[in-house]
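Hello,

Here is the structure you will be taking over. My notes on it follow below.

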Amino acid sequence: MSRNRGRIIEITENLFSQGVKRPPEAMFFSYKGILYPASMSSPETMEALKSFEARNDDVIITGYPKTGTNWLEQMVKELESTDAKYTEEEMKERINAEKKLETFPRLEFGDPGIYERLKKLPSRRIILTHLPPHLLPPSVLQSKAKILVLVRNPKDTAVSYYHFYNDMPVMPSFASWDEYFAAFMNGKVAWGSYFDHLVEWNKYIDHEKVMIISYEELKEDQVLGMKRIAAFFGFSLCEEDFLRIAKMTTFQAMKEKSKETHGQFGDILFRKGVVGNWRDHFSKAQNEEMDRKFEECLGGTKLAARMKYDVYCKA
Ligand code: A3P
């Protein structure tokens, strides 16, 4: 399923053992006012990121943490390789090239040398990131590379991130949900404010090289969502391909395979995979505070309409 499974397990297991050794205050570094996990990146890497050279045929996937980026990555990899019809030899070459990256595949992860190593990946590269537009390397927006932006309703994203913080050995735990909720609302979490990300992406909603897709629409009709993605990137697949990929990337299927694909990280990553888990966490006051904040930041925007906030987030 994951074409780079052995390597991902090795990298995450190494990360976990490092995390346990770090005191909580050393688990993050701040770059331009935003926190990032020190076990996965560094200020030097964030500086070197500017040198990343996007190719016109790169497939860029971005989403705020916990919006379902690993799921979307798997789907897009399957769509891309089905369209490309790589031979076994080509596939082996691609896997070997990915192994040489020596980092978990996110654009802002790894050592500063990662941008040189990324040049050696064969096209089409599938590049993942959690960064918003103003932090992306300039060549991404200047090139013809298309960008797929994943969004998820803020309440479920917040809950998913809360559990991630508490379950990941490389992230500090919060003493309570209430304490975490305040940090999330104020953008005092890794990758900064959820709301700032969406406000920025909303400005690109009609940009020809940007497509926005939501976690919720993929949950509702994954085949339809994948058809939109394939049309955007110009991938050609038949109905059976879509059905096969949808079947192999259901939450259950990915969770069942996760020991093989992600090692112990799998138990943390594949948590619930549902829409509406926020109802078990939010107090009435927190619910109202989130509704107000969403309205204040995104009320009346095209993005809010796309995300169907009223359907997925209203009590
Ligand atoms: P929950 O914590 O709500 O379960 P990311 O990949 O960006 O870190 O996002 C993780 C979220 O995506 C988790 O949400 C995880 O369960 C969910 N997820 C992962 N694989 C999924 C799948 N195949 N279908 C639906 N949701 C999935």
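**Notes on the model**

S160 is found in helix α7. Please keep in mind that this is a predicted model. The relative accessibility of S160 is 11%, so S160 counts as buried, the cut-off being under 20%. Apart from its neighbours within four places in sequence, S160 is in contact with K66, R152 and R271.

Helix α7 (154-167) comes up again in the packing of α16, where it is one of the elements that the buried residues of α16 pack against.

Helix α16 covers residues 284-298, which is 15 residues. From its first C-alpha to its last it reaches 21 Å, close to the 21 Å expected at 1.5 Å a residue. Which residues of α16 are buried? They are Q286, N287, M290, D291, F294 and L298. Viewed down the axis of α16, these buried residues fall within an arc of 140°, so they line one face of the helix. The exposed residues K284, A285, R292, E295 and E296 are carried on the face of α16 turned away from its buried side.

Besides α7, the packing partners of the buried residues of α16 are α8 (177-185), α9 (194-202), α17 (302-307) and α18 (309-313). Just after α16, G300 has a positive phi of about 80°.

I looked at the pairing of α8 with α16 in more detail. Their axes come within 12 Å and cross at roughly 5°. That angle makes α8 roughly parallel to α16, because angles under 35 degrees count as such. On the α8 side the contact involves W177, D178, F181, F184 and M185, and these meet Q286, E289, M290 and K293 in α16. By type, the residues of this contact divide into five nonpolar, one polar and three charged.

Q74 has its place in helix α3 (residues 69-84). Is Q74 buried or exposed? With a relative accessible area of 7%, Q74 is buried. Q74 and I95 are 21 residues apart along the chain, and their C-alpha atoms are separated by 14 Å.

Regards

Conventions
Residues numbered from 1 in each chain as written. Predicted model: local features only at pLDDT ≥ 70, side-chain atom pairs only at ≥ 80, totals over all residues. Heavy atoms only, no water. Helix = DSSP H or I, 4+ residues; strand = E, 2+ residues; numbered from the N terminus. Expected span 1.5 Å × (residues − 1). Buried < 20%, exposed > 50% of the residue type's maximum accessible area, 1.4 Å probe, protein only. Arc of directions from axis to C-beta. Contact = heavy atoms within 4.5 Å. Axes fitted to C-alpha atoms, helices over the stretch in contact; angles between N-to-C directions. Parallel < 35°, antiparallel > 145°, perpendicular 65-115°, else oblique. Nonpolar A, V, L, I, M, F, W, Y, C, P; charged D, E, K, R; others polar.
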